[in-house]
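The exercises below are meant for a reader meeting this structure for the first time. Please work through each task before turning to the solution that follows it.

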Amino acid sequence: MDANLGRNLVGVISFPGSNGDHDALHAFSHDLGVPSRLVDYRETDLSRFSALVVPGGFSYGDYLRCGAIARFAPVIEPLREFAARGGPVLGICNGFQVLTEAHLLPGALLRNATLRFHCHWTHIRTEQTQTAWTSDLTVGQVVRLPIAHGEGAYFADDATLAHLHDTGRIVARYCKPDGTVDAAANPNGSIDNIAAIANHAGNVVGLMPHPERATDQSIGGDDGLLLLRSVVSYLNVPA
Amino acid sequence: MTVVERPSDGHRLPRWLVEVVVVPKLGVNDPEGEAILGGLRSLGYTEVDRAQSGRFFSLTVAAEDADRAREDASRMANQLLANPVIQSFRIQSVSPISSITTPTTL
């Protein structure tokens, strides 16, 4: 284990209905050897954490809208303050939906255009590496990750989308294995094939695919480690 | 008219049944509405050219009058019932609750 990793503590927030929390915990603690623990949704002291993950699943049963109820959990205001101080936050799948509902990221995730729940491998093209969660990647790098969602079609109005483009906040887009971004590679009808976006500072990223479920060749691939390891590199760069 | 205690001011206020409808905003992809439209057309209803599906909320609100109940419900819709990024809402109706029993329309 890299000695640098020992300084950090990654928190994975568990809401009622989260189901990707243990996968994310395992990815950090087992696959990357980074100290990590689950954070109960009622916790309010996040001061010990270096990075936080809002995991996938069906928080609060997806009642009302995906992520709409989780935004009222006690952990969210401290999470908002953590993000405002520049702390790295990754929202995966339902976690991405929670971050948009909590207005930590712009836009929203709509029902898949196919009206089907999509559960399969996808490829995404890295568009922005100046974020806490993609700093180990290179622009154009294709990463193979699974998706598992029914409501993952990213949507933002024209002005917001233009702003995301202009400020380099589109982090990854669905693509073919060779990196071509086209309609055929878009699994869910996301506007502009968007799979991941970041906030202005790049410390908060929302991502529909699941890096925590691609951490070992024995489960089909380990490209997810490239993203999750990025945050460790990001944290270890002297400010 | 049924009245309840409003904890904030302690006055006894009339209660109102407020019905809120939330639908996808125009311009936002609505694959569900399109699928419903396709279903209606395949049943032979060729006169239908648009279908939207949304959500219906029935709220019981204590307020001084109907306008205040409507304003309260609008704020609730803006903050929670609808996501203004992708959805619009309208207050379908505001009616006084005259019975002490829970409205059956719920």
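Contact here means that heavy atoms lie within 4.5 Å. The model is a predicted one.

**Exercise 1. The nonpolar cores**

Find which residues touch the most other members of the largest nonpolar core, and list what A:Leu79 touches.

Solution. Begin with the largest nonpolar core, which has 68 residues, and in which A:Phe15, A:Phe28, A:Val75, A:Leu79 and A:Trp133 touch the most other members. Next, take A:Leu79 and set aside residues up to four places away in sequence; the residues that A:Leu79 then touches are A:Ile13, A:Leu46, A:Leu52, A:Val54, A:Val89, A:Leu99 and A:Leu104. Then look for a second, separate core, which is made of 16 residues, B:Val18, B:Val20, B:Phe57 and B:Ala73 among them. As background, nonpolar side chains in soluble globular proteins tend to be buried together.

**Exercise 2. The build of chain B**

Work out in what order the helices and strands of chain B follow each other from the N terminus.

Solution. Count the elements of chain B, which are 2 helices and 4 strands. Reading from the N terminus, the order in chain B is β-β-α-β-α-β. Finally, consider the contacts in chain B with a separation of 6 or more, of which 68% are between residues 24 or more positions apart.

**Exercise 3. Where the chains meet**

Describe the interface of chain B and chain A, and identify the salt bridge that crosses it.

Solution. First, count the residues: 16 of chain B are in contact with 15 of chain A. The two chains bury about 1,300 Å² between them, and 65% of this area is on carbon and sulfur atoms. The rule finds 6 residue pairs in polar contact across the interface, both residues being at pLDDT 80 or more. On the side of chain B that touches chain A, the elements giving two or more residues are α1 (31-42), β3 (55-62) and α2 (66-81).

The 1 salt bridge found across this interface is the one between B:Glu32 and A:Arg111, whose closest N and O atoms are 3.4 Å apart. Because B:Glu32 lies in helix α1 of chain B and A:Arg111 in the loop between β5 (108-110) and β6 (118-126) of chain A, the pair joins two chains.

**Exercise 4. Other salt bridges**

Solution. Start from the total, which is 14 salt bridges over all chains. In one of them the side chains of A:Arg213 and A:Glu212 meet at 3.7 Å, N to O. A:Glu212 has a relative accessible area of 3% and buried means under 20%, so A:Glu212 is buried, whereas A:Arg213, at 24%, counts as partly exposed. In chain B, salt bridges that share partners join B:Glu64, B:Arg68, B:Asp72 and B:Arg75 into one network.

**Exercise 5. A positive phi**

Locate A:Asn193 and state its phi.

Solution. A:Asn193 lies in the loop between β9 (170-175) and β10 (194-198) of chain A. Although A:Asn193 is not a glycine, its phi is positive, at about 60 degrees. A:Asn193 is also buried, with a relative accessible area of 8%.

How values were computed. Residues are numbered from 1 along each chain as its sequence is written. Chains are lettered from A and ligands numbered from 1 in the order in which they are written. This is a predicted model: local features need pLDDT of at least 70, side-chain atom pairs count only at pLDDT 80 or more; totals for chains, interfaces and linings use all residues. Side-chain values use heavy atoms; hydrogens and water are left out. A nonpolar core is a set of buried Ala, Val, Leu, Ile, Met, Phe, Trp, Tyr and Cys residues joined through side-chain atoms within 4.5 Å. Buried means under 20% relative accessible area, exposed over 50%, partly exposed in between (1.4 Å probe, protein chains only). Buried area is the accessible area (1.4 Å probe) that two parts lose on being put together, summed over both. A salt bridge is a side-chain nitrogen of Lys or Arg within 4 Å of a carboxyl oxygen of Asp or Glu. A polar contact is a pair of N or O atoms within 3.5 Å; within protein, one must be able to donate a hydrogen and the other to accept it, and residues adjacent in sequence count only if both atoms are side-chain atoms.
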